[in-house]
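Student: I have a complex open on my screen and would like to learn how to read it. Could you walk me through it?

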Amino acid sequence: MAEQPFLSMRGISKEFPGVKALDHVDFQTSLGSIHALIGENGAGKSTLIKILCGVYQPTSGIIELGGKPMKATHPDEASRLGISVIHQELNLIPVLSVAQNIFLGHEPAGALGSIDRRTGRARAKELLDRVGVNVDPDTPVKRLSLAQKQMVEIAKALSQESKILVMDEPTAALNNNEVQKLIEIMRGLSAAGHGVIFISHRLEEVFQVCDTITVLRDGSVVGTRPVAELDMAGVVQMMTGKAILGTRIPVGQPPADRRDVLEVRGLSAKTKFHDISLRVAAGEIVGLIGLEGQGQRELLRGLFGVLRTTTGQVLVDGTPVRLRSPRDAIRAGIIFVPEERKSEGLGLVLDLTQNIALPTLKRRQRLGFIRLEREREKVRSLIEALNVNPPVARHKANNLSGGNQQKVVVAKWIAVEPKVYLFAEPTRGVDVGAKEEIYQIMRRVTDQGAGVLMMSTDMGELLRVCDRILVMFEGSIVKEFQGTEATRETMMKAQWGLS
Amino acid sequence: MRRRGILSRANVMTLWLWAATACILLVCGIISPGFVQPQNLLRLLRQAVPFGFIAIGQTLAVLTGNVDLSVQAVTVFSGMIGSTFILGQDANLLPAFLKVAALMAAFGLLNGIGITKLGINPFVMTLGMGMMLDGLTMVFTGGATKGTASPLLKYIGTGRLFNFLPISIILWVAAAVVVAVVLHRTTFGRKIYAVGANKRVAEMAGVRADGLIITVYVLSSLMATIAGFVVCGYIGTGTLDLGDDYKMTSMAAVIMGGTLFRGGVGGYFGTASAVVTLTVLTGLLTILSISEPVRRMIYGAILLLVLFITSRGNE
Amino acid sequence: MTARGPSLPSAGVLRRRALNHPGFPIYVILLITWCVAWTVAPSFRAPNNLQNLLIQTVAFALAGLAQTFVILAGDVDLSVGGIISIVECALPLIMRNNTGSILLSCALLLAFGTVLGLLSGFLVTRIRVEPMVLTLAINFSLLGFALFLMPFPDYSKVIPKAFIQAVTGKVGPIQTAVFATVAIAAVSWYVIYRTRFGLHLRAIGADKETAFRAGIKADRIRIITHGITGFLAAVTGLFLAGRMGTGDPTAGANFSLDSMTAAVAGGTLFSTGVGSVVGTIGGAFLIVILGNVFNHLGVSTFFQYVLRGLLLVFAVAAGAVKKKYQESRGS
């Protein structure tokens, strides 16, 4: 293992309008090292990686590769300079062959602008052997398994003579054998003199294969330690940190008898989540949290009829319901406030009236004609109740701030008077004031008898608002907390699959 | 407050269109004073009526984020086949219309199903179906016009109320009002805008988006059927040559009228204004004795220009 | 382990490659259609009918190839018909009866077609509007220009006999035009499947993002591809002029759609980077055979349009359904 760090990032900061994604990050790694980069969602990992591969430019700070300053403006350039990133969504073209993918953009040239296929095939075979995978270079990529595709990506990185390989959640979708194979390959790369940066949420694997761990939190480096000095609990503690908790939103009067508005029994959806059972009572706000890709988003979609579920039962107010489409869900009394309000929550080019009135058009019509007075009144009252700003019904939804847009989405669903509210990241991209208002709105609807199931990646938010919190890991619910008992530490540990 | 709702976003575009119309009329008046006499203007406007009806269907289609390029074929088919059913008898008029309308509604249904259920690109689907329909028209008529319009139809096509207002224009205005009301006052109209703005959001709000789009295609074909009958009434019989390529000009009118191609924004008032502007422009070009080929090139250039200007909004 | 040179693939691999080739279905359909035609229409079997079929296929094949290039790159070019019309109408106007003029006119028209294609490509990459709409509008203008050049077939403008001979002449039993088409198809195949440009072209059509990350310059390739399309469209126009003996402003109009039919029926799918030159030829041949059969059966010639429209819708529908199926399997 070399002493001199090959890659050196010093004082890297990255600012976007209104948000500081990275704050004076120092990160170094040497050739031959397998270095883990860990942090919860939104900690800044992906921003750091995008800077490394040239998609973003740092607002300040220096990057040095092999002692020389590195400035890449394009992923291809970064690869040639020595850093390749293997993303979770693989950058391969399925219809092309393995060899064609490996050399995409830098094919060996033959006569007359042609490609020297023989050389390409031979070199591809060499690279694939180096990686340790046995695949015919002429195979179309679409015929490979996910694990094999990853190896092709690694070969692709090696074809550019990359010294440092960044692997972003490579093991997320692999089975145990494939994971072990990948670990072997990483060890092989390290032994051959490459540096590997390993991003993963599976702490067991991190501790199995890495020699150094860097923990990121809220855009800053918490610490960089050799693996030998840490244990999993210690890592979790580094990630959690101390944050000042806001005051808890006062809990409404607990209902005399518990009546479940939503009950889920053994719900599964192919590879996304399995055997989910949970209950939400009238007047209750239940939180759902997990690391990226653990099935929580999919669960909410399954409950709204957007995602196909294979087994299990859902009951609303004790009655089993079939949820094959959003129409079914709405009719059953379940509504969904999605995380991407701009693409799934609002019609941006429509005005507030059109947006808010949409799910409930049928209630204010006579012979197909909209009763404009009633609609005006309804929209006005909702805009007022939710404090949408500016309170002009004719404004286009596009012109509102994020927080107000979110309130408009909530408004349209309140008009439906549902029994169950499903929220996905309800306060993402919303300013502080609007956040509080949204929490108040949630309390109000639950006070009136509805139940709320909200998914969030913000632990602080869940701790303030929820009566109970469920943690998902790898498609199952692994832990349930009472709102008053949960702490960041315990929640964090549960999210990482530890108890 | 209510009128503002009907004019909605197309405000600016519409003002430009009417300004352009005024300018063109001014130039026309200078070159040929007789041209801008009310009687002549109304005659000119009467020629816009089939265009106006076709543009209704196109507006609806574009509002939902699609397009209907089979309108030309439907119009021709309706006129040609319709006249063979009418055979100059008033008694045959209604049955003929119902038969043709039923056929064309089925045609629109096929368009809609192919686009929504099979996921076929709307351009290709409607172009291909249009080609088929053109072929069927030729197969059934051999290219020769058979049958004539009945007196009632001719009255609708050429007659005037109080010896002044052409009946067909009244028909068009009535249709335009109905369309405007439907778009802005009914749940159906609301859903059209919703589907056009974001089909996903509309579906997640419980709207049956596919059914809506299919309905729109049926309506578009029906509008083109009406246009075909009006043409038949005007000329006296069916015709293969409508004098213009309405699939292009209707697209141009819709875009010029402020209805954006990605859907969800716009309305019929803008389209209708653009229809008037384009018709008046045709009049000017005719006065200037500009040949049809050059006219087409000019229209093509205008369409490209309009596409360029409105594309500035699409990032 | 040393790499061995290219060895012959086993029979099993060959068979699987053939079955999965995008052009496979069209040839099955072609075979079936041929057999049906042979049994159903006696006059179809006439010995010179095959020649007839081949010469008719040339135009559709060339236009289909033109469209194949752009579809593989992820675009579409509906101005093919317009370019064909313009070239067809301009030829009798500028070509004089001497070798020099013939060659020069051809070169000029080919260049003109290429330039028109490049222009389309430029507009498509700069104006953020669907290529379908844009090229449709361009086509409209081009058709108008063709009409302007020659408002109606003008038999007074004579096309030099030498040119007509060259286009419609024969070498042995096969027409030169057929040979030329085969040669063009072979070159096209080479460009698409053996050159860097062709690979990058298909990469853009399949996945623009990944291609971009690999450093491929998408816009430049798209523009060049449209230029190639314009070139091939011009070739088609030259051929049609030679075959018809005169210019005809309306002859080219339908080729915009027919070129799509040939390409899509031949297995070239929109937005996938998947296509087949051989398949496109097959698609062109199918269009011709179907028309020919119905002709021999005594069906109205107007039925051609119905057929062609039906074929286009079918082909595109099949392509769309196939795509949906593949997507749901999560290839």
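Student: Let's begin with the fold of chain A. What share of its contacts with a separation of 6 or more comes from residues 24 or more positions apart?

Tutor: Do keep in mind that this is a predicted model. In chain A, 69% of the contacts with a separation of 6 or more join residues 24 or more positions apart.

Student: How many helices and strands does chain A have?

Tutor: Chain A has 17 helices and 22 strands. For overall shape, we compare the radius of gyration with a rule for globules. Chain A has a radius of gyration of 26 Å, close to the 23 Å that the globule rule gives for 499 residues, so chain A is as compact as a globular protein of that length. Its C-alpha trace spans about 75 × 55 × 45 Å along the principal axes. As for burial, 49% of the 499 residues of chain A count as buried.

Student: Which domains is chain A divided into?

Tutor: There are two entries to look for: domain 1 covers 7–240 and domain 2 covers 260–495 of chain A. Taken over C-alpha atoms, the centres of domain 1 and domain 2 of chain A are separated by 36 Å. Their contact takes 9 residues from domain 1 and 8 residues from domain 2 of chain A. On the domain 1 side of that contact in chain A, 3 residues are nonpolar, 5 are polar and 1 is charged.

Student: Which strands pair with strand 13 of chain A?

Tutor: Look for the bridges. Strand 13 pairs in the parallel sense with strand 20 of chain A, residues 451–455, over 4 bridges. There, Val286(A) stands opposite Leu453(A). Strand 13 also pairs in the parallel sense with strand 21 of chain A, residues 468–473, over 4 bridges. In that pairing, Ile289(A) has Val471(A) as its bridge partner.

Student: Now the contacts between chains. How many residues do chain A and chain B give to their contact?

Tutor: Chain A gives 19 residues and chain B gives 17 residues. On the chain A side, the elements that give two or more residues are helix 10 (326–332), helix 11 (341–345) and strand 18 (369–370). Helix 10 of chain A gives the most, with 3 residues. By class, this side of chain A has 11 nonpolar, 5 polar and 3 charged residues.

Student: And what does the contact of chain C with chain B look like?

Tutor: Here 34 residues come from chain C and 33 residues from chain B. Helix 14 of chain C supplies the largest share of the chain C side, 14 residues. That side divides into 26 nonpolar, 5 polar and 3 charged residues.

Student: Last, what confidence values does the predictor give?

Tutor: The complex has an ipTM of 0.86 and a pTM of 0.89. For chain C, the mean pLDDT is 86, and 96% of its residues reach 70 or more. Over residues 1–5 of chain C, however, the pLDDT is below 50.

Methods
Residues are numbered from 1 along each chain as its sequence is written. Chains are lettered from A and ligands numbered from 1 in the order in which they are written. This is a predicted model: local features need pLDDT of at least 70, side-chain atom pairs count only at pLDDT 80 or more; totals for chains, interfaces and linings use all residues. Two residues are in contact if their C-beta atoms, placed from the backbone, lie within 7 Å. Ala, Val, Leu, Ile, Met, Phe, Trp, Tyr, Cys and Pro count as nonpolar, Asp, Glu, Lys and Arg as charged, and the others, Gly among them, as polar. The radius of gyration is taken over C-alpha atoms; the globule rule is 2.2 Å times the number of residues to the power 0.38. A residue is buried if 20 or more other C-beta atoms lie within 10 Å of its own, exposed if 12 or fewer, and partly exposed in between; C-beta atoms are placed from the backbone. pLDDT is the predictor's confidence in each residue, from 0 to 100. Domain bounds come from an automatic or database domain assignment. Two strands pair if DSSP finds at least two bridges between them.
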